[in-house]
Amino acid sequence: MTEQELMKLGFEKVMVYDEESDNGYDYYYFRKQVGGSLFLAADTFNKEGELRVNIDDPGLVIRDINLVKELINVFSKIENAERKARVSKENG
């Protein structure tokens, strides 16, 4: 996933300057609000250009069993893709 792909999906690029973070450097991350207080945050590109997307909402409540099933399906697809990538990398 590239920065451009995130922007096309409606992610916002958020700049954090050293003056704000006091960590010695400026940096940025991407975020997208996808529900009341649910944000997807993406901030770490690895050497393969992959981006980690985090979901930050400890108060998320899902009341519809079909939505739970959809989420399980989505996360299963993500896990399967990671597994395939790992095996492919191991096999060279």
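A: In sequence order, the elements of the chain follow the pattern α-β-α-β-β-β-α, which amounts to three helices and four strands. The model is predicted, with a mean pLDDT of 79 for the chain and 76% of the residues at 70 or more. Of the 92 residues, 11% count as buried.

The close look starts with the charged pair. A search of the whole structure finds one salt bridge. Glutamate 12 forms this bridge with arginine 31, and their closest N and O atoms are 3.2 Å apart. The pair links distant parts of the chain, since glutamate 12 belongs to strand 1 and arginine 31 to strand 2 (residues 27–33), 19 residues apart. In general, side chains of opposite charge can pair when their charged atoms come close. Glutamate 12 has a relative accessible area of 41% and is therefore classed as partly exposed. Arginine 31 falls in the class of partly exposed residues too, because its relative accessible area is 31%.

Next come the aromatic side chains. A pair of aromatic rings is described by the distance of the centres and the angle of the planes. The count comes to two aromatic pairs. One of them joins tyrosine 28 and phenylalanine 30 in an edge-to-face arrangement, at 5.8 Å centre to centre and with 90° between the planes. Tyrosine 28 is partly exposed, with a relative accessible area of 30%. Phenylalanine 30 has a relative accessible area of 2%, so it counts as buried, the cut-off for that class being under 20%.

The ring of tyrosine 28 also takes part in a contact with a charge. Lysine 13 places its charged end over this ring, 4.1 Å from the ring centre. Tyrosine 28 thus has both a ring partner in phenylalanine 30 and a charged group over its ring from lysine 13.

A further approach of chain segments involves two tyrosines. Tyrosine 17 is found in the loop between strand 1 and helix 2 (18–21). Between tyrosine 17 and tyrosine 27 there are 10 residues in sequence, and the C-alpha to C-alpha separation in space is 6.4 Å. Tyrosine 17 is partly exposed, its relative accessible area being 37%.

The loop between helix 2 and strand 2 holds aspartate 22. Phi of aspartate 22 is near 55°, a positive value in a residue other than glycine. With a relative accessible area of 68%, aspartate 22 counts as exposed, because the cut-off for that class is over 50%.

The patch is formed by Ile62, Leu67, Leu71, Val74, Phe75 and Ile78, which together have about 480 Å² of accessible area. One of its members, leucine 71, lies in helix 3 (residues 65–91). Leucine 71 is partly exposed, with a relative accessible area of 33%.

To return to the requested part, the contacts described there are the salt bridge of glutamate 12 with arginine 31, the edge-to-face pair of tyrosine 28 and phenylalanine 30, and the charged end of lysine 13 over the ring of tyrosine 28.

Definitions and conventions: Residues are numbered from 1 along each chain as its sequence is written. This is a predicted model: local features need pLDDT of at least 70, side-chain atom pairs count only at pLDDT 80 or more; totals for chains, interfaces and linings use all residues. Side-chain values use heavy atoms; hydrogens and water are left out. Patches are made of residues with over 30% relative accessible area and no salt bridge: like charges are joined within 9 Å, nonpolar side chains (Val, Leu, Ile, Met, Phe, Trp, Tyr) within 5 Å. Accessible areas come from the Shrake-Rupley method with a 1.4 Å probe; for residues, only the protein chains shown count as cover. A salt bridge is a side-chain nitrogen of Lys or Arg within 4 Å of a carboxyl oxygen of Asp or Glu. Buried means under 20% relative accessible area, exposed over 50%, partly exposed in between (1.4 Å probe, protein chains only). Rings of Phe, Tyr and Trp (its six-membered ring) pair if their centres lie within 6.5 Å; planes under 30 degrees apart count as stacked, over 60 as edge-to-face and the rest as tilted. A charge sits over a ring if NZ of Lys or CZ of Arg is within 6 Å of the ring centre and within 35 degrees of the ring normal. pLDDT is the predictor's confidence in each residue, from 0 to 100.
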